[in-house]
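Hi,

Here is the structure I promised to pass on.

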2 protein chains.
Amino acid sequence: MAATINETIADKSTSGAVAGNADFLAAVTALQTLTKKDLEAVNHEILGRMESTVPMIPELAGHLINAGGKRLRPMLTLAAAKLFGYEGVDHVRLAAAVELIHGATLLHDDVVDQSALRRGASTANIIWGNKESVLVGDFIFARAFELMVEAKNLRVLKALSHASGVIAEGEVLQLTTQKNLSATFETYINVVEAKTAALFAAATEVGGLIAERAGHEEVAIRDFGLNFGIAYQLIDDALDYAGYQSTLGKTVGDDFREGKMTAPVVFAVARARPDELSFWRRTVSDGNIRDGDFENACTLMQRDDAIDDTLSCARDYAAKAMDALNTLPENKYSQALGALVETSTARAS
Amino acid sequence: MAATINETIADKSTSGAVAGNADFLAAVTALQTLTKKDLEAVNHEILGRMESTVPMIPELAGHLINAGGKRLRPMLTLAAAKLFGYEGVDHVRLAAAVELIHGATLLHDDVVDQSALRRGASTANIIWGNKESVLVGDFIFARAFELMVEAKNLRVLKALSHASGVIAEGEVLQLTTQKNLSATFETYINVVEAKTAALFAAATEVGGLIAERAGHEEVAIRDFGLNFGIAYQLIDDALDYAGYQSTLGKTVGDDFREGKMTAPVVFAVARARPDELSFWRRTVSDGNIRDGDFENACTLMQRDDAIDDTLSCARDYAAKAMDALNTLPENKYSQALGALVETSTARAS
């Protein structure tokens, strides 16, 4: 049923969406190829750090880490460092630390959201349990810090520890705005900037920091990550209403069922006709969701351009990311990062 | 009913226990007085770090932090630094970071254990919810790292980030041994060393590290904290079967209901008569607890010296802590730390 409606929604542009996603996946693959050796070292570092005398820790962490993520965040760190000609080894450590911070966040997120599916596989909280996910998340987070301390760079430590606090703050803000129909687009952007973009920003920033570049370049590479992160999350939130479950590898409609006040809902509620407000109140605020409600939500969003405008916002932030990138040295790394951002606004996975 | 049995158990030594606890509380007060000015700065630092534009964060964190803990761990850092004649300001930052790591752990612990009461007050997971406690715990943990980075000492960062990983590892180990009657005393000590003593050890160690003392002194102050931490947790675990609810400010019998394999249970099970094993299996393994079971568990522990032997182990570790302390400079700080350890084995709160 959901698939039918989604197909209807994407009707006019299905072939365009498929082609757009192929471009994005090609850009991801190109960046993976460019950073291949370092990325292998990152994976090795990550798995080594999950070793423990307590067998459940590497089992649960391994499930999360091997679940086929794109390694987007660590690639940002690797590529940012290389863009500036960095020749040391700390970019691998820091890329691994960034991915571990992300992993710890995912484990806790899935507990908080009671998610059952991530990247097409059962979540750790479903397989091992909530308690286990909370504690192994703490372990992974602590190991990320141990790893980044080894890079012995206090500015890097400041950037990543600050980002970790901002992420948690964003998650709490999201929780307190959940089910609240009066949440504004501004609040939503604050959540996105904190829970997602702060780590994208820190991931690129630390690449610049270890390369010891001039101040304006550090600012620019950080701005690049920050704006790309916002764009990326906006698209994610659009796809939760307009994506394909099989492509996304997660359950479409999760945000709707959890009453998350993401951009599509914020726009749809702001544009709803008076008699439609009771629908949003019952579903998003009260969580009383019946068969067909998700499809109706998608139809209303389609009618009121809520998805289109979310994607349009994403393109604006992607353009800001490109502006920042264009002030930096042009080489194969900046080109690969640019292709990633430019294709990301048409992604579907 | 529980109180009646506890009174019976403590019958012979009630007046001794009361006097013993008064000595411990006096030692805590003496250390608080000795570190008063620094401790006020620690409290100020902690509250400042909990500020956020998201109102729930300072509310929830404030509830936890103001709930009347003894501030034992930060006092260990303050006193250890002062014992070595440290004259800077980083001991305050690090003491605050240590207390924040402890606080984050408590929030997650209470979610994992589904606790309702801590220090005589409702827990945050009961008042705000589990999700909120997980995320605010992450926030507090991240802020602890931000704070310790500001001390700009890589050895300190290594010690505290490593301890954070060990704590989480200990919590997971405890979870995997829960309800498992074949868990050994050795495993139990591993849990205690990781989940409790690692932070005591790091708390004292960083006091030594910032004072830049000779290697053997760093080792000794760490050993002091480690062994005191083990002793402290052993006593806590004994009190969960032999303490008074009103004095402890937490629910006596929590460990029993959660099936935790603490020393009293490990000893009692090892010494149980064959026909008693079904009792431990039903209660601790299967969690099928009826009226009178906790009292029966206490009676069996009393008969088989399970509590006495737990306390005796605690005294052995306290003696090791004193041995380490006695190799260090003698002054009012080492004296106050010594009094704390020596009276702690007779504490009841």
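The contact draws on A:Asp90, A:His91, A:Leu94, A:Val98, A:Ile101 and A:His102 from H6(A), and on A:Leu199, A:Ala203, A:Val206, A:Gly207 and A:Ile210 from H10(A). Contact here means C-beta atoms, placed from the backbone, within 7 Å. By class there are seven nonpolar, three polar and one charged residues in it. (Ala, Val, Leu, Ile, Met, Phe, Trp, Tyr, Cys and Pro count as nonpolar, Asp, Glu, Lys and Arg as charged, and the others, Gly among them, as polar.)

H6 covers residues 90-113 of chain A and H10 residues 185-210; their axes come within 10 Å and cross at roughly 170 degrees. The two helices are therefore roughly antiparallel to each other. That label is for angles over 145 degrees; under 35 is roughly parallel, 65 to 115 roughly perpendicular, and the rest oblique. Axes are lines fitted to C-alpha atoms, for helices over the stretch in contact, with angles from 0 to 180 degrees between N-to-C directions. Helices are DSSP runs of H or I with at least four residues, and strands are E runs of at least two, numbered from the N terminus.

Before you go further: this is a predicted model, where local features need pLDDT of at least 70 and side-chain atom pairs count only at pLDDT 80 or more, while totals for chains, interfaces and linings use all residues. Residues are numbered from 1 along each chain as its sequence is written, and chains are lettered from A and ligands numbered from 1 in the order in which they are written.

H10(A) also pairs with H9(A): their axes come within 8 Å and cross at roughly 165 degrees. These two are therefore roughly antiparallel as well, but their crossing is left-handed. Their contact divides into 15 nonpolar, five polar and five charged residues.

Now the two chains. Each side of the contact takes 35 residues, from chain A and from chain B. On the chain A side, the elements giving two or more residues are H4 (56-65), H6, H8 (130-149) and H9 (154-177). H9(A) gives the most, with 14 residues. That side has 19 nonpolar, seven polar and nine charged residues.

The same surface serves both copies, as 100% of the contact residues of chain A recur in chain B.

A:Lys152, between H8 and H9 of chain A, has a positive phi of about 50 degrees although it is not a glycine. A:Lys152 counts as partly exposed, with 13 C-beta neighbours inside 10 Å. (Buried takes 20 or more other C-beta atoms within 10 Å, exposed 12 or fewer, and partly exposed is in between, with C-beta atoms placed from the backbone.) B:Glu212, in the loop between H10 (185-210) and H11 (215-242) of chain B, also has a positive phi, near 50 degrees. B:Glu212 is exposed, with 12 other C-beta atoms within 10 Å.

Cheers

How values were computed:
Two residues are in contact if their C-beta atoms, placed from the backbone, lie within 7 Å. A crossing is left-handed if the near helix is turned anticlockwise from the far one by less than a right angle, and right-handed if clockwise.
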